Amino acid sequence: EWLLQFKGVENPYAKACNVLGFQFDPTNEDERPEGHPDIHLEWVKGVIKDARRAKTLYHAAAELGDTGAQYSVGKCFYKGVGVAKDLAQAAAWYRRAADQGQAEAQNSLGRMYDDGEGVAKDLAQAVVWY
């Protein structure tokens, strides 16, 4: 029944994987994943936090084109959630989402250019992405 809420949504499998990844992600304390205000999370309450499972679900959704999930994969690499911390991979995933207009990824990529984390410090690029 939980999956029925994605009926009629573009790319429903990707959206469902992203929402489930959000629920497994131990770094999330929000009640709803960004960009999904209509999702009924009561179906997944009580999910045990599992960083590897979260990253796996985010990655599946990201490969299917979900920009929120692409941002979340970047965040996993940035923070070392479910994977080894890898700032270059974080920047690459943020860039993938940022190129498609995902605001959180744009801001995160700008910050990485500003600080020289995972990319060469480049204030001009930071300004572009902020």
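Biologist: Which residues does Asn11 touch, not counting residues up to four places away in sequence?
Modeller: Contact means heavy atoms within 4.5 Å. Residues up to four places from Asn11 are set aside. That leaves Leu64 and Gly65.

Biologist: What kind of model is this?
Modeller: Residues are numbered from 1 along each chain as its sequence is written, and side-chain values use heavy atoms, with hydrogens and water left out. Local features need pLDDT of at least 70, side-chain atom pairs count only at pLDDT 80 or more, and totals for chains, interfaces and linings use all residues, since this is a predicted model.

Biologist: How far apart in space are Asn11 and Leu64, C-alpha to C-alpha?
Modeller: Along the sequence, 53 residues separate the two. Asn11 also touches Leu64. The C-alpha distance is 7.7 Å.

Biologist: What pattern does the protein chain follow along the sequence?
Modeller: Helices (H or I, at least four residues) and strands (E, at least two) are DSSP runs, numbered from the N terminus. The protein chain has six helices and zero strands. Read in order, the pattern is α-α-α-α-α-α.

Biologist: Is Asn11 buried, partly exposed or exposed?
Modeller: Buried means under 20% relative accessible area, exposed over 50%, and partly exposed in between (1.4 Å probe, protein chains only). Asn11 lies in the segment before helix 1. Its relative accessible area is 30%, so Asn11 is partly exposed.

Biologist: What share of the 130 residues in the protein chain is buried?
Modeller: Contacts first: among those with a separation of 6 or more, residues 24 or more positions apart account for 49%. As for burial, the buried share of the protein chain is 41%.

Biologist: Which side chain makes a polar contact with that of Asn18?
Modeller: Asn18 is found in helix 1 (residues 12-24). Its relative accessible area is 5%, so Asn18 is buried. A polar contact is a pair of N or O atoms within 3.5 Å; within protein, one must be able to donate a hydrogen and the other to accept it, and residues adjacent in sequence count only if both atoms are side-chain atoms. At 3.2 Å, the partner is Asp66.

Biologist: How many disulfides does a search of the whole structure find?
Modeller: Cys17 is buried at 5% relative accessibility. Cys76 is buried too, with a relative accessible area of 0%. A disulfide is a pair of cysteine sulfur atoms within 2.5 Å. The search finds a count of zero.

Biologist: Which residue lies 46 residues from Ala60 along the chain, with its C-alpha 7.0 Å away?
Modeller: Ala60 is in helix 2. With a relative accessible area of 26%, Ala60 is partly exposed. The residue at 7.0 Å is Ala14.

Biologist: Helix 2 and helix 3: what is the handedness of their crossing?
Modeller: The axes of helix 2 (residues 51-63) and helix 3 (residues 67-79) come within 8 Å and cross at roughly 140°. Axes are lines fitted to C-alpha atoms, for helices over the stretch in contact, and angles run from 0 to 180 degrees between N-to-C directions. A crossing is left-handed if the near helix is turned anticlockwise from the far one by less than a right angle, and right-handed if clockwise. This crossing is left-handed.

Biologist: Which residues of helix 3 make the contact with helix 2?
Modeller: Helix 2 contributes Lys55, Tyr58, His59, Ala61 and Ala62. Helix 3 contributes Ala69, Gln70, Ser72, Val73, Cys76 and Phe77.

Biologist: Why is helix 4 oblique to helix 5?
Modeller: The two helices pack with their axes 8 Å apart, at an angle of about 140°. That angle makes helix 4 oblique to helix 5. Angles under 35 degrees count as roughly parallel, over 145 as roughly antiparallel and 65 to 115 as roughly perpendicular, so the rest count as oblique.

Biologist: Which residues does Ala91 contact, leaving aside its neighbours within four places in sequence?
Modeller: Ala91 lies in helix 4 (residues 87-98). At 5% relative accessibility, Ala91 is buried. Its contacts are Leu109, Met112, Gly118 and Val119.

Biologist: Which residues is Gly110 in contact with, leaving aside neighbours within four places in sequence?
Modeller: Gly110 sits in helix 5 (residues 103-115). Its relative accessibility is 0%, so Gly110 is buried. The partners are Ala126, Trp129 and Tyr130.
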